[in-house]
Structure formats: structure tokens, C-alpha cells
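Start with the model itself.

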Amino acid sequence: MQSIIDALGLAFALVFSADADLLEIVLLSLRVSLTAAAVACVIGLPIGALVAIGRFRGRNAVLIVMNALMGLPPVVVGLLVYLHLSRSGPLGFLGLLYTPTAMIIAQTILIAPIVAALSRQVLEDLHAEYAEQFRSLCLTRIQTVRALIWDARYSLLTVGLAGFGRAVAEVGAVIIVGGNIDHMTRVMTTAIALETSRGDLALALALGIILLVISLGVNAAVQSVRMTAARQAYV
Amino acid sequence: MPRPTLGPAVAAALLFAGSAMAQDQSIIIQSTTSTANSGLYDYLLPIFQDQTGIKVNVVAVGTGQAIRNAENCDGDVLLVHAKPSEEAFVAAGFGTERTDLMYNDFVIVGPAEDPADVDGMDDVQGALMEIAVNSALFASRGDDSGTHKKEMALWADSGVDPTAASGEWYRETGSGMGATLNAGIGMGAYVMTDRATWISFANKQDYAIKVQGDADMFNQYGVIPVNPEKCPSVNIAAARTFADWLLSGAGQEAIGAYKVADQQLFFPNAPDN
């Protein structure tokens, strides 16, 4: 119990000291995970949309695989990306291992299935409502997908947030492909793992509290965008 | 073996690096965790960077994983503590040469109640036997790290096969030193750790060193530049500069000067010194 109280105090002290190292770690966390979430949306949304409106052979199998991939273990993704980006791996010549780019790649692979599977569900439900209308307007598949994504944009924001939340909270993948290198690839979760292994549990917990607050901040920001937009829509 | 001194090595680094110098002047060391977790690198690397301009990035993992990563060419220098594996690494052509760098020792830490009654023993095999006979909990790394290899060798010497009791009194955590200490302390188990990690470990609770001082608990660290013939991506000039600096008078002095809680953590013992 004492260490939780210590951690709270330490978290406040850390935040108010505006420690340069901490700021660097926080910014890298945000940069990596927000980029991964954005890329995952670019990849995952169209896939989700196409599966949502498509009627094709093997669709059920695709659905099952997509949903199952939401449970990809981060450490497995980390290993796969490591094996590809390692100097002895097929993409080793790119020299990307132990860089933020490698971390973005790993997190994108981790969360793209989440974005695809969740957006598929959202868009399919919406499509069920609009299917008749779309048919009467003779929309092409691309036009349908565009209309659906635009109409469901606020629900899809939540889908993106789910992806971001998963990315910013995971440690298994980034610690393998990033290497937790100080001032280079150290993010919040790997810093927490490091302090835990140093036995500095209060500092580890304090970093955890800060991570939680950052996650809250990102969610609040998105929520306020959503509410502002919704208000304007009714003016 | 004649070792180039600092000056020519730096000159060579500048020559080889050529136009891509800015990005080439950083290297990656694949390292064991104890040197990183104890803060040694935080102390050493800024001194080295000041003198040479070379930025050293540390990937701290268990010795076993560090060696595998280096075999995949994902590092320029290997700094670990498992001599037989290091020699095999060099023999297989992955390293240019291995040199003794520094040492400390392993200790066995345990809870205040000391269920196997080993406090003060300096015969490590005897202490392990006591732990086994009493079925006292023992948390092992179980991760093929340098510490784990050493621990297994000591069990073999004591004639006990602890893995037969795996999951009973013998608990293999499969994680790093710090995580294993946290786990061991959480369940009241004995843990074998290197002294540097223990001194700088912050979550000791009622744990203290119970067994120490046996010559068999000696813990030697070695440094190996990764061989550019196997791994063309290696920045061998900078890697050599770093290894040579560690082994030089200046590097050895810096290692010896590093202290936590007024205790020296690593004892330099490079040859020619």
C-alpha cells in the first residue's frame, strides 16, 4: 500500500519537475503509438469496410481470422518483426531494427486487425440500415464504402482509440524490436519494465500513472472533437 | 595480441566512416542486464562519448539472448558474462576476439527467516545442497542467461538436479535478474544474483546476502567486437575503439571508480593492465 502512495507522490513530482528525459519518453510513446494507430486505420478501415459490404465465398473464414487476430500476442508480433528486420533477416538491409520505425511497424501489425475487425462490425451494422437506399442510388462499391465510413466516422474514432490504447499499453513487441535504448527507443512501457526490473517499484508505478493520464488525455481530446462536431451538426 | 591505441583507432574510425560519419558514429552493444541495470553504462558511456564522439546504444538482455542477437548481426559489440559461450561465439567466427574486462561475484540472497539455514555459509555447493534437502524455495532465472548457466554449473557441482523439483521448491521464472528477484522476494525464495544487480536493486525488503565468498562464485565479464567478416553491417572501427577504450587504462579506471551506495560494483581486470 505504501508504495502506491509513494508512487502517486512521485508521479506528481515527476510531472511538475518537467523532467527532460521523461518528456522525451512520453513524446516518443505518443509518436510511435499515434503513428501506428493512424497507419493501422489506413490499412484496417478499408479492409473492414470491404468485408462489411462484401458477399464472397469464404467470408465467414475471413471474419473468424480477423476476429482471432485481435488477440495477437505482442511478444509474437515482436519476434516476427525482429526476425524480418534483423540484420540477418530478409529486410535487414534496411537497418530498421532498434529504431522507432521498427516499433511503429510492430504496433501497426498488432492493432491493424483490431481496427479491421471492429470497423467491420460497425460498418456492417450501418450497412444493414442503408443497404436498400444504396441499391436504389446505384452506388458503386467504392462510393458505398466512402459513404459508410463518413457516416460512421464518430464510431470509427472509437475504433481508432481502441487501437491506440492497445498500442500505447503494450510492451512485449516494442521491447524486442526497439531494444529499450535510452534516448532512442525507450517508451513509457519499456521504461516501466526497466524500473520494475531495477526493483524501483514506486518509480515504475509512477510512470504507469503518468501513462494512464496520457491515455486519458488522448481520449478526452478525441471525445471533445466528437462532441464539438456533433453540436455543429445540429446547429 | 597488440592492441591499437586510442589515437590510431579514432583516426581509422574517421577514415572508414567517410561521408556517412554522422550516422556511423554510433554503435549498438548487446549486453547482459547487470551492467545496464546497475547504472554502469550511464556512468561510463558519457565519458567515452566525450572522448571519442561515438554514441553507444545499449540493448540490455540476458547473456543468451545477447549472444543470439549478435549472431544475427544486430550489434557491434558483445559484453556478457558466460566465458564458454563467449569462446564458442568467437570460435564460430562471430567475434573478432574475446578479452577479459572486469569481474565481480555472485551471491545467494534469501529472506530473514532463512528456512534452509544457510546464512554466513561460504561453501556455495553446500548451501545449495541445504536448500535442496530442506526443499526451501529457490527462484532460478531459467532463461539461459550467464547467471542461469553459472547457477546450473554450481548445482551440477553440488550433485543436485533441481529441475527434477521444477514447479515444486525449484521455481524457474524464465525472466531477467530484476524480475526474478522481484518474484523470489514475493514468494520467499532464495535467489542467486550477481552482486552488482543486488547492490543497486531497490526492492530488497527483508532480504539480505546469505551466501558469498566462494571462489566458485567468481563472475567474469568479457568484451567482444562483432566480426565484420560475418556481419558486414558492423561498424568495426567504432566497435574496436569502444572495446579498446574499455580495456585501456582510462576505461579500466572508470569501471573501478563506479560506485553505488559506496560500494564498488565491478573490478576491472583486463590483461596488460
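At what angle do helix H5 of chain A and helix H7 of chain A pack, and how far apart are their axes? Helix H5 (residues 100-137) of chain A and helix H7 (residues 153-169) of chain A pack at about 155°, with axes 9 Å apart. Axes are lines fitted to C-alpha atoms, for helices over the stretch in contact, and angles run from 0 to 180 degrees between N-to-C directions. H5(A) and H7(A) are therefore roughly antiparallel. (Angles under 35 degrees count as roughly parallel, over 145 as roughly antiparallel, 65 to 115 as roughly perpendicular and the rest as oblique.)

The model is predicted: local features need pLDDT of at least 70, side-chain atom pairs count only at pLDDT 80 or more, and totals for chains, interfaces and linings use all residues. Residues are numbered from 1 along each chain as its sequence is written, while chains are lettered from A and ligands numbered from 1 in the order in which they are written. Helices (H or I, at least four residues) and strands (E, at least two) are DSSP runs, numbered from the N terminus.

**The H5-H7 contact**

Residues are in contact if their C-beta atoms, placed from the backbone, lie within 7 Å. From H5(A), the contact residues include A:Leu110, A:Ile114 and A:Leu118. On the H7(A) side, A:Val159, A:Gly160 and A:Gly163 are among them. By class, the contact of H5(A) with H7(A) has ten nonpolar, five polar and one charged residues. Ala, Val, Leu, Ile, Met, Phe, Trp, Tyr, Cys and Pro count as nonpolar, Asp, Glu, Lys and Arg as charged, and the others, Gly among them, as polar.

**Chain A overall**

Chain A has ten helices and zero strands. Its C-alpha trace spans about 65 × 55 × 30 Å along the principal axes. Of its 235 residues, 40% count as buried. A residue is buried if 20 or more other C-beta atoms lie within 10 Å of its own, exposed if 12 or fewer, and partly exposed in between; C-beta atoms are placed from the backbone.

Helix H9 (residues 188-197) of chain A is mostly covered, with ten of its ten residues buried. Among them are A:Met188, A:Ile192 and A:Glu195. Just after H9(A), A:Gly199 takes a positive phi of about 80°.

| Residue | Helix | C-beta atoms within 10 Å | C-alpha separation |
|---|---|---|---|
| B:Leu128 | H7 (residues 124-133) of chain B | 26, buried | 6.9 Å to B:Trp155 |

B:Leu128 and B:Trp155 are 27 residues apart. Leaving aside residues up to four places away in sequence, B:Leu128 touches B:Leu154, B:Trp155, B:Ser158 and B:Val160.

**Chain B**

Helix H11 (residues 236-247) of chain B has twelve of twelve residues buried, so H11(B) is largely enclosed by the rest of the structure. Its buried residues include B:Arg240, B:Asp244 and B:Trp245.

Which chain gives 19 residues to the contact between the chains? Chain B gives 19 residues, and chain A gives 15. On the side of chain B that touches chain A, strand S2 (55-60) and helix H9 (177-187) of chain B are the elements that give two or more residues. H9(B) supplies the largest share, four residues. By class, this side of chain B has nine nonpolar, nine polar and one charged residues.

Note on methods
Contact = placed C-beta atoms within 7 Å.
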